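Have a look at the model below before reading on.

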Amino acid sequence: MPEAVLHVGSGKVRELYALDAERLLLVASDRISTFDVVLPTDIPDKGRVLTGLSAFWFARTGSVVPNHLLALRDDGRSTECKRLTMLPIECVVRGYLSGSAWKDYVTTGAVCGHRLPPNLVESERLAEPIFTPATKATAGHDENIDRAAAVELVGESRFDEVERVALELYELAAEHAQARGIILADTKLEFGVDGDGRLVLADEAFTPDSSRFWPAQDYEPGRPQPSFDKQYARDYCESIGWDKTPPGPELPEEIVAGTRARYVEAFERLTEIAFDDYLADPEVVLR
Ligand code: Q0Z
């Protein structure tokens, strides 16, 4: 637990605290959610893997856009962040047709106003990545919105800026991941604005909780893809006939170990840093 600080928010698997007027502390837990339900069993070090990956990406994208990272704490799961005014949209970039985009495409032939070619199949790679913003739902799921709706929320010039920056960040990360056997199918980025009106990348970036990570060797368009990190847990939950309503099932130890190993494998493949080296000194991801 952090020092005496105000708890200012909870995500499903993360907590946010106020350090002072300018700084927040973002703490990633070891909780895992699947089928939108947080399971009662933790995955040891999951929060450290996600925190380390996010910091790794912040350190490598600073030339594209500034980010909120101020410091990485020794526990490996807490980051001190610059406090921003967050934009009221989720900035999603998709290189592959999956999830809600696949559903929208089947129904309408378009995703967030991007009309796509006919006869695409589920999980197909898109000719060009697309920016597909969504509203931030306080309850239930985010809703995909088109350019006009997003411009209503952030203004035209800010929209054009976040679209350009989000696409550039995705291309950089997806190319890095592809070269290491991981398809970054899509990603959700969050941006804020600092006191000088500058756009700043915030929250977490290019983690398996904010992105779809697919093992490249198993990629086969025309069906949903296995998740790099959560597939063992999902398969287990389905194998026991869980109806996907809360509470979720406890995970047996072999499923926990297999899932932890996949998170660590994603970290090591993407960063080329041994996870034990990260545990010994989290700042290795910043160098
Ligand atoms: C992020 C969230 C939660 C984790 C607010 N740098 C920032 N400045 C201002 N606000 C935020 C950030 Cl990151 C901010 N969230 C989402 C909630 C745990 C992230 F409970 N909310």
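Is Ser123 buried or exposed? This is a predicted model, and in it Ser123 is buried, because its relative accessible area is 0%, under the 20% cut-off.

You'll find Ser123 in the loop between β11 (114-115) and β12. As background, most residues other than glycine have a negative phi, and most peptide bonds are trans.

Asp45 sits in the loop between β5 (37-38) and α1, and with 12% relative accessibility it counts as buried. Then there is the peptide bond from Pro246 to Pro247, which is cis, with omega near -5 degrees. Pro247 belongs to the loop between α5 (231-239) and α6 (253-271).

## A buried lysine

Now move on to Lys46, in helix α1 (residues 46-61). Is this lysine, Lys46, buried or exposed? Lys46 counts as buried, because its relative accessibility is 1%. And what does its side chain reach? The side chain of Lys46 gets to the backbone oxygen of Arg31, at 2.9 Å.

## Rings against rings

Searching the whole structure turns up 11 aromatic pairs. One of them joins Phe267 and Phe275, with 5.3 Å from centre to centre and 75 degrees between the planes, which makes the pair edge-to-face, because planes over 60 degrees apart count that way. Phe267 is buried at 0% relative accessibility, and Phe275 is buried as well, with a relative accessible area of 2%.

Phe275 also pairs with Tyr278. Here the ring centres are 5.9 Å apart and the planes are at 20 degrees, so this pair is stacked. How are the two placed along the chain? Phe275 and Tyr278 are three residues apart in helix α7 (residues 275-280), so about one helical turn separates them. Both Phe275 and Tyr278 are buried. Elsewhere, ring pairs link Phe56, Trp57 and Phe206 into a cluster.

## Charges over rings

The charged end of Lys244 sits over the ring of Phe35, 4.1 Å from the ring centre. Likewise, the charged end of Arg262 sits over the ring of Phe228, with 3.8 Å to the ring centre.

## The second largest pocket

How much space lies in the second largest pocket? About 250 Å³. Its lining is made up of 14 residues, and Arg125, Tyr170, Glu171, Ala174 and Glu175 are the ones that lie nearest the centre. By type, the lining of this pocket divides into nine nonpolar, two polar and three charged residues.

Which elements build that lining? β9 (89-96), β12 (125-131), α4 (156-178) and β14 (182-193) each supply at least two residues. Helix α4 gives the most, with five residues.

Terms used. Residues numbered from 1 in each chain as written. Predicted model: local features only at pLDDT ≥ 70, side-chain atom pairs only at ≥ 80, totals over all residues. Heavy atoms only, no water. Phe/Tyr/Trp six-rings, centres within 6.5 Å; stacked < 30°, edge-to-face > 60°. Buried < 20%, exposed > 50% of the residue type's maximum accessible area, 1.4 Å probe, protein only. Helix = DSSP H or I, 4+ residues; strand = E, 2+ residues; numbered from the N terminus. Lys NZ or Arg CZ within 6 Å of the ring centre and 35° of its normal. 1 Å grid on protein atoms, 1.4 Å probe; cavity = no way out; pocket = protein on both sides within 12 Å on 5 of 7 lines; lining within 4 Å. Points joined across faces, edges and corners; volume = space filled by probe spheres on them. Nonpolar A, V, L, I, M, F, W, Y, C, P; charged D, E, K, R; others polar. Polar contact = N/O pair within 3.5 Å; in protein donor to acceptor, adjacent residues only side chain to side chain.
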